[in-house]
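Hello,

Here is the structure I promised to pass on to you. Have a look at it first, and then read on for my notes.

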Amino acid sequence: MRPSLYPLLLLVLSNSICSKTIELDAPSNMNRLLKEFDRDRDKKITVLDKIPNNAFFELSPKIRVSGVYHLSNLLQELKLQTEDGVTPDKIDEEKIFENPVDRISRLIRDFYWHGLTRRIDKEHLKQVMPDSKIHQPQKNILYVPASDELAKKYYGSDKNIQVKTVPTHYDLKFLKSLRNKHGLLTLKLHQGKDRLEGVPYVVPGGRFNEMYGWDSYFQILGLLQDKKIELALGLVDNFVYEITHYGKVLNANRSYYLSRSQPPFLTSMILAVLPHLPRTTETREWLKISLLAAIREYSEVWMRGGHMTEIGLNRYFGEAPEIPPEVEPGHFDKILGPYAKKHKLTIAQFQRSFDEGKIQEPELKEYFIHDQAVRESGHDTTFRWSSGGKDQCADFVTVDLNSLLYKTELDIALLLDQEFHGKLENFKSAEFRKKAAKRKELMRKYLWEEGKGFSDYNWKKKVRSHYQSATNLYPLWTYDVKNPETRLVNETEMDFLVKKVMPLLEVKGGLVSTTLESLKKVGGKTHERQWDYPYGWAPHQMIVWQGLEQNGFKGESDRLIYKWLYMITKNAMDYNGTIPEKYDVVKRSHAVFAEYGNVGTKFSYITREGFGWMNASYQIGLTKLSKSKLNELRKMVPPKN
């Protein structure tokens with residue numbers, strides 16, 4: 001069954017093969033449109049306005065616009081006309097009646113990526129310095145690494161900001177000294193036509209001004225699909241800068257993120273960008289610098305210190321067991337409340353004393369060790385590592401992290417063999433293949449169980465969690481495609497993952513982050529934590545799509561992609577073009593009531609940027625979808641199951 005508006009849409013499109021430009025007065029028409037159809041007065045036209053089926057807007061004597069989707073398109077186009085500064089105002093009729101799949105893809109390609117692009121240089125500081133996530137007395141603080149002489153000289157003359165230095169080897173004492181003095185961390189500068197410019201990067205969503213770690217891999221895939229090679233290259237270059245000057249790929253480039261990284265995707269980024277670059281001496285030098293940075297991060301961040309465990313596999317681990325300043329006010333009140341009561345203080349007073357080290361509470365310190373680990377995982381937050389009512393992320397070696405490190409080891413070996421005859425400086429491909437083989441052995445020992453599949457392993461309690469998460473499907477993707485022997489599972493086990501495990505996570509809108517059954521087993525509540533049931537996220541979908549495709553499960557991949565794209569398209573049609581951070585995939589809805597809300601849903605008239613990895617998933621999904629399913633999507637045929 002097609003939605004009721006679709007026969008009208010098809011009729012209009014059939015009569016509008018030749019695009020017509022209409023001259024009009026955009027402000028007056030927009031005001032009239034809102035007055036007639038924006039019934040809840042939120043400066044959008046959505047299904048919540050409950051517009052009668054026979055209602056229409058007369059744009060001209062020959063053009064009547066009806067239906068939520070078309071009316072919201074008209075609103076968006078009128079709004080853009082009021083902003084372009086060009087007179088007379090002109091509306092392209094074809095854009096009002098554009099197929100929703102084409103419209104969403106076009107806006108992502110030509111509009112949203114631009115809205116998500118940032119640079120850090122003098123010209124753009126006013127745009128990128130603001131941080132809505134924290135509230136502190138001191139403002140306009142810019143941190144420059146001590147090792148970057150160019151940046152210190154460049155920013156040192158700017159009297160409108162406070163320029164502070166990050167030591168080359170910073171420690172916990174330095175991180176503690178940043179309290180109430182947080183700021184933006186500089187990224188790479190390069191020589192433009194006539195001045196120094198910041199290398200551009202892409203942020204996840206409109207409320208963010210910083211570059212995030214694992215978000216960027218998925219954004220890179222979307223950028224490359226949309227031929228925005230320089231932006232994709234800029235993200236890699238800025239991560240290399242972070243490793244060079246801050247010691248790691250950061251959670252994001254704010255000072256309060258110096259204590260942790262995010263899931264390791266740098267070698268995957270390099271491999272994605274490389275085929276789009278010319279085979280020149282400059283590209284070879286870029287690859288050398290980038291690969292050495294990736295090897296450094298692998299060796300010095302992930303294979304040392306707190307990220308290592310006694311069983312030889314890796315865990316997420318933050319370096320500063322403190323209350324993260326970037327969370328919304330009151331986020332930890334339930335945790336801090338009993339301690340504040342114990343010390344006869346208000347929560348704010350206790351938090352200040354705890355942060356300053358005046359009050360020691362070992363149990364609370366341990367809580368924030370695990371909290372930092374959760375945040376480094378990128379899955380903040382989830383009940384996935386809960387046990388006995390407590391989050392214990394740092395006690396788990398996880399399927400996702402070890403799968404990604406396994407791929408990192410194989411990627412490094414591949415690039416060394418493919419581009420550097422097996423050796424670069426003192427690094428040899430054979431050594432990384434040996435590391436990968438050992439990790440595969442350990443992953444099979446600790447993370448795999450016959451008849452159950454993969455799951456995270458509590459290395460302290462020596463038990464598997466059996467918590468079903470979409471991350472348990474990462475091994476479908478993380479191996480060397482050119483060498484099937486590097487697969488983490490055999491053919492029979494692969495079938496088990498696809499035909500027995502994956503269906504546990506498949507719902508109306510695609511893959512759900514975790515299962516309801518797993519959530520209930522640990523006493524978790526639905527709609528409470530955003531990386532749990534019933535929510536679904538773009539990175540999980542994209543990794544599983546690719547894993548299925550690599551292993552010949554095209555039908556299963558097609559089905560999942562269709563569910564995901566249909567959900568995105570239907571929500572955009574019904575809600576004024578909304579492209580959010582995440583979805584309730586059980587209901588196929590962007591209405592999310594978990595922690596942090598849903599970035600990308602609050603705007604007036606027109607969304608300016610969508611959301612980074614959601615944009616990417618749409619563009620990538622369209623390229624992977626079979627021709628027959630793409631035709632169905634363009635007709636908005638609901639998924640069969």
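To start you off, which residue in β4 is the bridge partner of I22? That partner is I91. Please keep in mind as you read that this is a predicted model.

**The pair β1 and β4**

Strand β1 covers residues 21-24, and four bridges join it to β4 in an antiparallel arrangement.

Is L78 buried or exposed? With a relative accessible area of 0%, L78 falls under the 20% limit and so counts as buried.

**The chain as a whole**

Stepping back, the chain holds 23 helices and 24 strands. Its radius of gyration is 25 Å, close to the 26 Å that the globule rule gives for 641 residues, so the chain is as compact as a globular protein of that length. Along the principal axes, the C-alpha atoms fill a box of roughly 75 × 65 × 65 Å. Of the 641 residues, 60% count as buried. Looking at contacts with a separation of 6 or more, 71% are between residues 24 or more positions apart.

For a sense of distance, take L78 and V166: they are 88 residues apart in sequence, and their C-alpha atoms are 47 Å apart in space.

**The parallel sheet**

V166 brings us to an open sheet of three strands, in the order β7-β6-β8, with parallel pairing. Its edge strands are β7 (162-166) and β8 (184-185), each of which pairs on one side only. Strand β6, residues 141-145, pairs with β7 over five bridges in the parallel sense. Within that pairing, P145 stands opposite V166 of β7.

Helix α7 (residues 149-156) lies across β6 and β7 and runs at about 150 degrees to β6. Helix α10 (residues 229-246) packs on the sheet and touches β6, β7 and β8, with a direction about 75 degrees from that of β6.

**The antiparallel sheet**

Another open sheet has three strands in the order β14-β19-β20, and here the pairing is antiparallel. The edge strands, each pairing on one side only, are β14 (396-397) and β20 (463-464). Strand β19 (residues 457-458) is joined to β20 by two bridges, and Y457 has R464 of β20 as its bridge partner.

**A helix pair**

Lastly, please look at α12 (residues 281-302) and α16 (residues 399-420). Their axes come within 11 Å and cross at roughly 145 degrees, and the crossing is left-handed. On the α12 side the contact is made by R284, L287, K288, L291, I295, Y298 and W302. On the α16 side it is made by L401, L405, T408, E409, I412, L415, L416, E419 and F420. What kinds of residue make up this contact of α12 with α16? They divide into 11 nonpolar, one polar and four charged.

Best wishes

Terms used: Residues are numbered from 1 along each chain as its sequence is written. This is a predicted model: local features need pLDDT of at least 70, side-chain atom pairs count only at pLDDT 80 or more; totals for chains, interfaces and linings use all residues. Side-chain values use heavy atoms; hydrogens and water are left out. Two strands pair if DSSP finds at least two bridges between them. Axes are lines fitted to C-alpha atoms, for helices over the stretch in contact, and angles run from 0 to 180 degrees between N-to-C directions. A crossing is left-handed if the near helix is turned anticlockwise from the far one by less than a right angle, and right-handed if clockwise. Contact means heavy atoms within 4.5 Å. Ala, Val, Leu, Ile, Met, Phe, Trp, Tyr, Cys and Pro count as nonpolar, Asp, Glu, Lys and Arg as charged, and the others, Gly among them, as polar. The radius of gyration is taken over C-alpha atoms; the globule rule is 2.2 Å times the number of residues to the power 0.38. Buried means under 20% relative accessible area, exposed over 50%, partly exposed in between (1.4 Å probe, protein chains only).
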